[in-house]
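Reader: I've got a model open and I'd like to learn how to read its helices. Can you walk me through it?

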Amino acid sequence: MTSTPAVMLGMELPDVAAWSERVTVALGQNPSVFTGPGTNTYLVGTGSHRILLDPGQGVTSYLPILERALAECGAEGLQEIVLTHGHPDHIGGVAQILERFGPLSVKKFPWPENDAEFDFPITSLADGDVVQTEGATLRGVLTPGHAPDHLCFVLEEEGALFSGDNVLGVGTTVIPSRSGDLGAYMDSLECMLALGPTHIYPAHGPLIEDGPAKLREYLDHRRQRDEQILAALADGPLQVAGIVKVVYAAYPESLHAAAGQSVASHLRKLEREARVVRSGEPDLLVAAWSLP
Ligand SMILES: [Zn+2]
């Protein structure tokens with residue numbers, strides 16, 4: 001899931017495109033303010049049966065698009081399904097793929113509370129596990145924060161990275177207030193940067209040509225937000241809504257609720273780092289925040 005609706009909406013990508021000799025993207029047909037042009041579902045490999053990385057949300061009009069993508073890249077079918085994480089716009093499409101293509105292995109890093117909602121068997125992938133197909137080797141890298149089960153995948157043959165929702169071709173990643181963790185997310189961005197990817201295949205939006213530059217941009221953006229929040233508290237305690245008014249003054253009020261979620265996740269991280277303290281209510285949104 002993503003944010004910055006004004007940017008996410010209106011971007012159009014082709015339904016099917018070959019982004020490299022071993023990576024073809026089929027759009028999930030689920031455009032929205034949260035998913036931008038829709039989820040990028042990737043056919044990976046060069047053989048007759050490809051890995052399907054993230055089958056989208058479960059929109060029926062996606063099935064003919066996937067068929068077209070298979071035909072255009074010269075494949076006959078699917079080898080297995082691999083997931084970056086268990087959010088609905090990624091795992092939601094699994095059931096209709098199994099119905100259409102028959103039993104296939106579905107692999108992801110476990111997230112027991114979330115995975116229990118689905119009635120297909122899930123094979124666990126751990127950090128460092130490899131999934132191979134003709135012409136492509138995917139190595140999972142545990143990168144939590146946006147979601148606790150989030151894996152990125154190094155595409156060994158290209159030195160490229162499938163970033164899932166951690167880095168997007170458009171907009172910025174949302175850190176959900178309940179299951180997200182901004183501190184872990186920023187550590188994950190550092191880990192992704194250390195991999196030194198050439199290019200990045202994001203779960204939403206266009207190909208990112210310069211992976212390290214985009215990762216640095218994401219890290220800088222988050223660090224700047226930390227600083228802006230600390231600066232907003234320099235004149236005294238504020239609730240989240242008060243901080244949003246200062247930090248997001250240039251943004252329309254319709255975005256302030258989403259911005260509040262983002263500020264809350266920064267505050268939780270800053271609190272853990274002992275850079276802010278909360279008083280009054282324990283609730284993140286109701287508490288008064290101040291500098292220590
Ligand atoms: Zn997500």
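This is a predicted model: local features need pLDDT of at least 70, side-chain atom pairs count only at pLDDT 80 or more; totals for chains, interfaces and linings use all residues.

Reader: Okay, which residues of helix α2 are buried?

Author: First the terms: helices (H or I, at least four residues) and strands (E, at least two) are DSSP runs, numbered from the N terminus. Buried means 20 or more other C-beta atoms within 10 Å of a residue's own, exposed means 12 or fewer, and partly exposed is in between, with C-beta atoms placed from the backbone. In α2 (residues 62–72), the buried ones are Tyr62, Leu63, Leu66, Ala69 and Leu70. They sit on the same side of α2 because they cover an arc of only 120° around the axis, going by the directions from the helix axis to the C-beta atoms.

Reader: And what does the face turned away from the buried side of α2 carry?

Author: Exposed Pro64 and Ala71.

Reader: How far apart are the end C-alpha atoms of α7?

Author: They're 32 Å apart, which agrees with the 32 Å that its 22 residues (211–232) should span at 1.5 Å a residue; the expected span is 1.5 Å times one less than the number of residues. Buried residues of α7 include Leu215, Tyr218 and Ile229. The buried set falls within an arc of 110°, so it lines one face of α7. Turned away from that side are exposed residues, among them Asp220 and Glu227.

Conventions: Residues are numbered from 1 along each chain as its sequence is written.
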